[in-house]
Amino acid sequence: MDSKYIILESNDHHEYILERKVVIVSSKLRDILRQPQHWLNKHEIPKIKLDINKNLLEKIIDYFEYKYKYENSTNNFHIKLPEYDVKDIIPLLELANDLDI
């Protein structure tokens with residue numbers, strides 16, 4: 001059974017509930033969700049614990065939502081790109097590479 005929602009947890013224990021379709025823009029997270037240990041109880045929402053802090057996780061979630069919404073859009077002229085602080089760029093690029101997004 002595929003849950004409609006997924007919980008992403010930061011290493012500082014902040015949890016975010018997202019729609020599965022948004023989370024699986026990351027092929028790494030999609031593969032993790034295919035593993036049976038995330039389905040301990042068919043009535044529970046699967047949780048993925050990530051070794052990143054709350055601030056980076058929030059930015060990655062922003063990008064997941066952006067990518068899900070606009071990936072196949074044919075009208076990209078009025079898209080507002082997510083804004084990131086310069087100090088976060090390198091960690092975000094490394095994380096994006098690790099999550100395969």
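D98 is partly exposed, with a relative accessible area of 42% (buried is under 20% relative accessible area, exposed over 50%, partly exposed in between, with a 1.4 Å probe and protein chains only). The model is predicted, so local features need pLDDT of at least 70 and side-chain atom pairs count only at pLDDT 80 or more, while totals for chains, interfaces and linings use all residues. Residues are numbered from 1 along each chain as its sequence is written, and side-chain values use heavy atoms, with hydrogens and water left out.

**Salt bridges**

- The structure holds 6 salt bridges, each being a side-chain nitrogen of Lys or Arg within 4 Å of a carboxyl oxygen of Asp or Glu.
- D98 forms one of these with K28, and the closest N and O atoms are 3.3 Å apart.
- Because K28 lies in helix α2 (residues 27–33) and D98 in helix α4, the pair ties together parts that are 70 residues apart in sequence. Helices (H or I, at least four residues) and strands (E, at least two) are DSSP runs, numbered from the N terminus.
- K28 counts as partly exposed, at 33% relative accessibility.
- Salt bridges with shared partners join E9, E15 and K47 into one network.
- Within a salt bridge between K47 and E9, the closest N and O atoms are 3.6 Å apart. This pair links distant parts of the chain, with K47 in strand β3 (residues 47–49) and E9 in strand β1, 38 residues apart.
- E9 is buried, with a relative accessible area of 6%, whereas K47 is partly exposed at 32%.
- E19 and K21 also form a salt bridge, with 3.6 Å between the closest N and O atoms.
- E19 has a relative accessible area of 29% and is partly exposed; K21 is partly exposed as well, at 39%.

**The loop between β1 and β2**

- S10 is found in the loop between β1 and β2, and H13 is found in the loop between β1 (5–9) and β2 (15–19).
- S10 counts as buried because its relative accessibility is 2%.
- The side chains of S10 and D12 are joined by a polar contact of 2.4 Å. A polar contact is a pair of N or O atoms within 3.5 Å; within protein, one must be able to donate a hydrogen and the other to accept it, and residues adjacent in sequence count only if both atoms are side-chain atoms.
- Apart from neighbours within four places in sequence, S10 is in contact with L50, I52, N53, K54 and L57, where contact means heavy atoms within 4.5 Å.
- H13 counts as exposed, at 63% relative accessibility.

**Positive phi angles**

- H13 is not a glycine, yet has a positive phi of about 70°.
- D100 is not a glycine either, and its phi is positive at about 55°.
- D100 sits in the segment after α4 (89–99) and is partly exposed, with a relative accessible area of 48%.

**Nonpolar surface patch**

- V86, I89, I90 and L93 make a nonpolar surface patch of about 400 Å².
- Patches are made of residues with over 30% relative accessible area and no salt bridge; like charges are joined within 9 Å, and nonpolar side chains (Val, Leu, Ile, Met, Phe, Trp, Tyr) within 5 Å. Accessible areas come from the Shrake-Rupley method with a 1.4 Å probe, and for residues only the protein chains shown count as cover.
- V86 lies in the loop between α3 (54–70) and α4.
- V86 is exposed, with a relative accessible area of 71%.
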